[in-house]
Amino acid sequence: MLILSPPSKLSITKKNNAGFTLIELIIVIVLVGFLATMTTDIITLPVKSYLDLERRTRLVDNAEVALRRMQRDIRRALPNSLRITNAGTTLELLHTTDGGRYRAKLAADGSGDILKFNSADTSFDVLSTLHGVPSGYLAIYNLGSTGANAYAQDNLASIRNTSTLNTIALQPAKKFPLQSPQQRFFIVDMPITYQCIDGELRRYSAYAINTLTVLPSTFKLQAKASVLSCAFTYTAGSATRAGLVTLKIELTDKAGESAKLIHQVHVDNMP
């Protein structure tokens with residue numbers, strides 16, 4: 001006979017659930033907040049310093065690029081063609097692309113085409129080879145004064161498209177008022193003007209050469225940031241014809257950061 005034993009009773013053990021008291025929770029919250037504040041300061045200050053430095057660097061680079069562009073143009077200016085107007089906020093120059101020496105005497109065998117100064121002439125020989133086929137205007141012994149002022153076209157003549165690397169042809173014929181002691185001539189392609197106006201640094205080019213500057217409606221911005229101020233000064237120099245141009249520009253950005261740069265450019269005004 002099979003006897004079944006009654007099922008055994010399962011004993012259920014109760015486990016105590018561990019937890020936080022209110023005081024412990026408050027202490028943890030305070031500590032976490034304190035650590036978060038310290039961590040925020042540690043991270044935020046270097047990031048803010050980096051962003052400030054990046055903003056200043058961007059401003060300085062912007063001003064540096066603009067001034068270097070002006071510097072390149074100034075160094076290629078026709079001697080004595082720099083003029084500054086509008087209380088030092090506008091700088092104009094006649095930009096040159098090439099230059100050389102003209103033939104003033106015939107060769108030993110009597111050959112050669114000299115540049116005449118006692119009458120209007122249409123062509124002459126270049127004593128050295130030019131860098132490219134000339135075009136634009138020819139200027140000789142520009143003094144920037146009455147009778148020898150390229151803006152008034154006293155000593156400026158249009159170059160004919162039949163010119164070569166060794167010969168320059170003029171159209172129409174031109175009688176130049178003064179001879180160059182060094183037989184020098186310059187090739188001018190266009191006038192260039194830099195102007196600070198309405199918080200912008202503008203570059204105008206390829207407009208008509210005239211005594212009174214009439215700027216075109218189109219221009220190129222030279223600075224991406226807003227321009228607070230500009231100051232251009234020009235010292236023509238002594239009898240050595242060495243001049244000095246001082247360029248000052250101050251830029252600012254949307255955050256109110258500003259940067260001021262000063263460049264000085266030596267100008268060789270030997271005509």
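Modeller: Let us begin with a term: two residues are in contact when heavy atoms lie within 4.5 Å. Before we use it, please note that this is a predicted model, in which local features need pLDDT of at least 70, side-chain atom pairs count only at pLDDT 80 or more, and totals for chains, interfaces and linings use all residues. Residues are numbered from 1 along each chain as its sequence is written, and side-chain values use heavy atoms, with hydrogens and water left out.

Colleague: Which residues does Ser-180 touch, if those up to four places away in sequence are not counted?

Modeller: Ser-180 touches Tyr-102, Ile-140, Tyr-141 and Pro-271.

Colleague: Where is Ser-180 placed among the elements of the chain?

Modeller: Elements are DSSP runs numbered from the N terminus: helices (H or I) have at least four residues and strands (E) at least two. Ser-180 belongs to the loop between β6 (167–174) and β7 (184–197).

Colleague: Is Ser-180 buried or exposed?

Modeller: A residue is buried under 20% relative accessible area, exposed over 50% and partly exposed in between, judged with a 1.4 Å probe and protein chains only. Ser-180 has a relative accessible area of 5%, so it is buried. For the chain as a whole, 35% of the 271 residues count as buried.

Colleague: What does the side chain of Ser-180 reach?

Modeller: It reaches the backbone nitrogen of Arg-184, at 3.0 Å.

Colleague: How many aromatic pairs does the structure hold?

Modeller: Rings of Phe, Tyr and Trp (its six-membered ring) pair if their centres lie within 6.5 Å; planes under 30 degrees apart count as stacked, over 60 as edge-to-face and the rest as tilted. The structure holds 5 such pairs. One of them joins Phe-117 and Phe-176, which are tilted, with 6.5 Å from centre to centre and 55° between the planes. This pair links distant parts of the chain: Phe-117 is in the loop between β2 (90–101) and β3, Phe-176 is in the loop between β6 and β7, and they are 59 residues apart. Phe-117 is buried because its relative accessible area is 14%, and Phe-176 is buried because its value is 1%.

Colleague: Which parts does the pair of Tyr-204 and Phe-219 tie together?

Modeller: That pair is tilted too, at 5.5 Å centre to centre with 55° between the planes. Tyr-204 lies in strand β8 (residues 200–205) and Phe-219 in the loop between β8 and β9 (220–221), so the pair ties together parts 15 residues apart in sequence. Tyr-204, with a relative accessible area of 4%, is buried, whereas Phe-219, at 32% relative accessibility, counts as partly exposed.

Colleague: Which residues form one aromatic cluster?

Modeller: The cluster consists of Tyr-102, Phe-117, Phe-124, Phe-176 and Phe-185. Recall that Tyr-102 is also among the residues that Ser-180 touches.

Colleague: Where does the charged end of Arg-83 sit?

Modeller: A charge sits over a ring if NZ of Lys or CZ of Arg is within 6 Å of the ring centre and within 35 degrees of the ring normal. The charged end of Arg-83 sits over the ring of Tyr-151, 3.6 Å from its centre.

Key:
A polar contact is a pair of N or O atoms within 3.5 Å; within protein, one must be able to donate a hydrogen and the other to accept it, and residues adjacent in sequence count only if both atoms are side-chain atoms.
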